[in-house]
Amino acid sequence: MPLTSLRFLALCIGLSIAIPIALLVLWRRAPRNSRWAIPVFLIGVLLAQATAISSVAVSVNRDYGFYPTWSSLWGTPTAPPVVVAGARLGLGAVVGTRRRVLPLTGGSASDIGRYDRITLKGTQSGISQTVMTWLPPQYHDRRYAKTRFPVVMVLGGAEVHIPTVVDRLNFAVTASQEIRSGRVAPFVAVFPEINVAMPVETECTDYPGGPQAFTWLNQDVRNWATSTLRITPDGRRWSVMGWSTGGYCAALLHLREPARFGSAASVEGYYNPGPDPSTGNLGQLLKQYPTLAHDSSPTWLLQHQPPLRVHLLVMSSNTDPQSYPQALAFLKREQNVPGVQPYIVQNLGHSLDAYQAVVAPILNWMAAVSDL
């Protein structure tokens with residue numbers, strides 16, 4: 001029985017109603033002197049609570065598509081490579097170019113690099129938040145001592161803090177495997193927090209008179225990284241990927257600042273700001289300031305101020321009710337814009353597991369379009 005089917009939801013609801021009724025009937029009829037009466041009754045109560053919770057969980061899962069299949073619930077699925085259509089990369093070309101990577105001069109061949117974590121006080125935004133970095137094994141290899149590494153900025157989602165994203169993505173293992181395979185050049189990853197003003201979800205937007213969330217990512221984090229790490233300042237070799245709200249932010253960074261972020265992958269994201277009770281007074285501000293509304297909309301930017309070179313990967317899944325309709329609408333609207341690349345993967349839910357599944361294909365795509 002499919003996990004998101006109406007029949008399975010009806011079964012859960014039916015059990016959550018039937019079990020308490022059965023317990024009541026059995027309790028009235030059970031002999032009072034039986035030593036099994038109380039243990040069986042307690043087990044029945046726990047089972048009734050479990051079915052009630054399951055009913056709520058299944059209903060929420062049907063609405064939001066976190067786990068569309070049983071296999072996605074029990075394990076992380078795999079995603080196919082990105083197939084690029086268009087002359088820039090060759091018709092029907094599969095991303096994944098072999099490139100020469102020098103063997104490490106020290107350490108284990110299975111070295112997966114290292115993470116560092118700081119609390120950054122943004123000089124432009126005034127925001128003080130966590131930034132994590134991943135340095136590949138080659139970063140400390142003497143033969144790469146003069147190399148300025150390309151960069152991937154990795155964003156999470158609303159209310160999902162960046163240490164959780166780093167842990168769930170298994171990013172270091174995946175990235176180091178892609179580097180060792182020669183499909184991706186050695187690069188540095190920067191993981192900035194996007195939940196910078198909780199409980200308000202800022203949508204990576206500069207609120208007039210409020211949190212400067214876009215400035216935090218675009219200026220503070222990027223400027224700190226280029227001044228502290230041995231990385232390239234060339235925006236053509238800076239890429240950004242993000243999931244859900246982070247996917248919206250990734251698209252926004254690339255389309256607003258193409259000279260600073262040469263490519264972006266929006267993983268199950270959206271393409272217009274979505275003000276709701278969690279975003280504070282964002283809806284009112286977007287109505288009050290038309291320029292803010294335009295600058296906060298990847299859709300508007302692509303239609304009215306398209307970069308000279310667009311490299312935007314639009315990733316979604318047919319079983320993700322949160323992003324799939326918006327992704328299809330966006331792709332249909334922008335189908336004639338060179339560089340807007342669809343990447344639809346079957347049977348992935350709206351979850352960090354889905355994000356993890358597409359990290360390797362996205363890194364391969366970035367290697368092709370931004371010399372990663």
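Q: In what sense do E4 and strand E6 (residues 188–192) pair, and over how many bridges?
A: Two strands are paired when DSSP finds at least two bridges between them; strands (E, at least two residues) and helices (H or I, at least four) are DSSP runs, numbered from the N terminus. E4 and E6 meet this in the antiparallel sense, with four bridges. One point to look at is Met 132, whose bridge partner in E6 is Phe 191.

Q: What should I know about the model first?
A: It is a predicted model, where local features need pLDDT of at least 70 and side-chain atom pairs count only at pLDDT 80 or more, while totals for chains, interfaces and linings use all residues. Residues are numbered from 1 along each chain as its sequence is written, and side-chain values use heavy atoms, with hydrogens and water left out.

Q: Which way does strand E3 (residues 114–121) run relative to E4, and how many bridges join them?
A: E3 and E4 run antiparallel and are joined by eight bridges. Ile 118 faces Val 131 of E4 across this pairing. E3 and E4 form a hairpin with six residues between the strands, and Gly 126 has a positive phi near 75° there.

Q: How many of the eight residues of E4 are buried?
A: In a regular strand, side chains point in turn to one face of the sheet and then the other. Buried means under 20% relative accessible area, exposed over 50%, and partly exposed in between (1.4 Å probe, protein chains only). By that cut-off six of the eight residues of E4 (residues 128–135) are buried, and the strand is mostly covered.

Q: How many of the eleven residues of H5 are buried, and what covers them?
A: Residues three or four places apart in an α-helix point the same way, because there are 3.6 residues a turn. In H5, eight of the eleven residues are buried; Phe 171, Ala 172, Thr 174 and Ala 175 are among them, as are Glu 178 and Ile 179. The cover over these buried residues includes strands E3, E4, E5 (151–155) and E6, together with helices H4 (162–169) and H12 (352–370). Just past the end of H5, Gly 182 has a positive phi of about 85°.

Q: Why is Thr 174 classed as buried?
A: Thr 174 sits in H5 (residues 171–181), and its relative accessible area is 12%, so it counts as buried. Contact means heavy atoms within 4.5 Å. Beyond residues up to four places away in sequence, Thr 174 touches Leu 169, Val 359 and Ala 360.

Q: Where is Thr 245, and is it buried or exposed?
A: Thr 245 is in helix H7 (residues 245–256). Its relative accessible area is 9%, so Thr 245 is buried. With neighbours within four places in sequence set aside, its contacts are Ala 158, Ile 194, Glu 203 and Tyr 270.

Q: Where is there a cis peptide bond?
A: The bond joins Met 198 and Pro 199, with omega about 15°. Pro 199 belongs to the loop between E6 and helix H6 (213–228).

Q: Which loops hold Glu 268 and Asn 347, and what are their phi values?
A: Glu 268, not a glycine, has a positive phi of about 55°. It is in the loop between strand E8 (263–267) and helix H8 (282–288), and is buried because its relative accessible area is 1%. Asn 347, likewise not a glycine, has a positive phi near 60°. The loop of Asn 347 runs between strand E10 (340–345) and H12; at 38% relative accessibility, Asn 347 is partly exposed.
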